[in-house]
Amino acid sequence: MARRENPEINAGSMADIAFLLLIFFLVTTTMNVDSGVSKKLSEKPPADYVPPIIKEKNIFEVNINRNNELLVEGERMDVKDLREAAVKFIDNGGGLGKPGEDGTPGLPCDYCGGERSESSSDHPNKAIISVQSDRGTEYGTYIKVQNELLRAYTVLRNRLCKKRYDISFDELEETYKDNKSNEDLKKKVEDIKTAYPQIISDAEPTS
Amino acid sequence: MSKFRKKKKGMPAVNTAALPDIVFMLLFFFMVTTTMRETDLRIETPRLPSASEVKKLEHKSLVCTIYVGKSKDPSKHGIGFNKIQLNDKIASADQVPAFIINARSKVSEAEVPFMTTSIKADKESNVGTITDIRLKLRDVNALKISYSASKGAGN
């Protein structure tokens, strides 16, 4: 009897099976990257903590009521105007900055482009933005306000960075992220960050 | 003449033997990159607010997520947009510290300061709930927070 050769197994449908699996994973995969407004909370103050006295003019007060309306420095305002008002406040530069940690006296803000009005903030590193919201405020509005305030800082940082290093701050941070060991870039980023530090405090909400 | 006539043959079939290999390669790529959602949502998927100043969350293993929104089962948990979900259950703000401490025990000590809490809250949730969570987070020194928002124009 003539020995027949083993017939090959038909692998034609292998591709179909693989495709089926592939499509399953394609459908279930979510490639979304989580993103969000990041915030650093202040540490819990000790029981006997006395808050420092801050001059009224260095505080930019933003109130959000339970109907999602804004009261900025005692005046009603729309969210879309908030950024401009915040920029104006931070960038005022009407006086001397915070004294250095080693006792050097504070310097006037030489990079501010504001009005240098007596009744507004002294220096970007003294300017505090205080956001007070109601317990019933909608979260969406709260984030919108936070976003506008952060945008005000971004505008100022970009402007200063463009002037000093001829590159916008966003781009500078991007390059720094790709190249973390570069000391020169790090110094530049730190420099801009200390020039316009983000000081946004959340006051306890009213109920 | 016969020379030319000989060539009259059908096109040879394209060899598809390597097709499964290609497909498998794609398959493995997607298998590796897929992360299955670990927790079932007990609340309806939060409609995230949009913002322009968003930062990407890095190091997924160091992120713990707190969901706030409307319960899927209002007869059991009640109505309103202020239900907090930790892990798989609807919880109250008082349980946040335990949740964080539990999450911390899963990572090495050196990485604890880099842990971030991502709050995924619905647009219509109230700031009061978020503040409750924030105060509890401060109690356990979980100071890095990210308010989850989708990137957009912000208005």
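Predicted model: local features only at pLDDT ≥ 70, side-chain atom pairs only at ≥ 80, totals over all residues.
**Notebook: chains A and B**

I started with where the chains meet: 38 residues of chain A and 43 residues of chain B take part in the contact. I count two residues as in contact if their C-beta atoms, placed from the backbone, lie within 7 Å. On the side of chain A that touches chain B, α1 (14–28), β1 (35–40), β5 (128–134) and α3 (139–165) of chain A each give at least two residues. Helices here are DSSP runs of H or I with at least four residues, strands are runs of E with at least two, and both are numbered from the N terminus.

Residues are numbered from 1 along each chain as its sequence is written, and chains are lettered from A and ligands numbered from 1 in the order in which they are written.

**Chain A by itself**

I looked up the secondary structure of chain A and found five helices and six strands. Along the sequence they come as α-β-β-β-β-α-β-α-α-α-β. Chain A has a radius of gyration of 27 Å, well over the 17 Å from the globule rule for 207 residues, so it is more spread out than a compact globule. That radius is taken over C-alpha atoms, and the rule is 2.2 Å times the number of residues to the power 0.38. The box filled by the C-alpha atoms of chain A, along the principal axes, is roughly 110 × 45 × 40 Å.

**The sheet**

Next I traced an open sheet of seven strands with mixed pairing, in the order β2(B)-β1(A)-β7(B)-β6(B)-β3(B)-β4(B)-β5(B). Strands pair if DSSP finds at least two bridges between them. The edges are β2 and β5 (89–91) of chain B, each pairing on one side only.

Which residue is the bridge partner of A:Gly36 in β2(B)? I found B:Lys55 there. β1(A) and β2(B) (residues 55–56) pair in the antiparallel sense, over two bridges.

B:Val63 stands opposite B:Thr116 in β6(B). Helix α5 (residues 127–139) of chain B packs on the sheet and touches β3, β4 (83–86), β6 and β7 (144–148) of chain B. The direction of α5(B) makes about 170° with that of β6(B); axes are lines fitted to C-alpha atoms, for helices over the stretch in contact, and angles run from 0 to 180 degrees between N-to-C directions.
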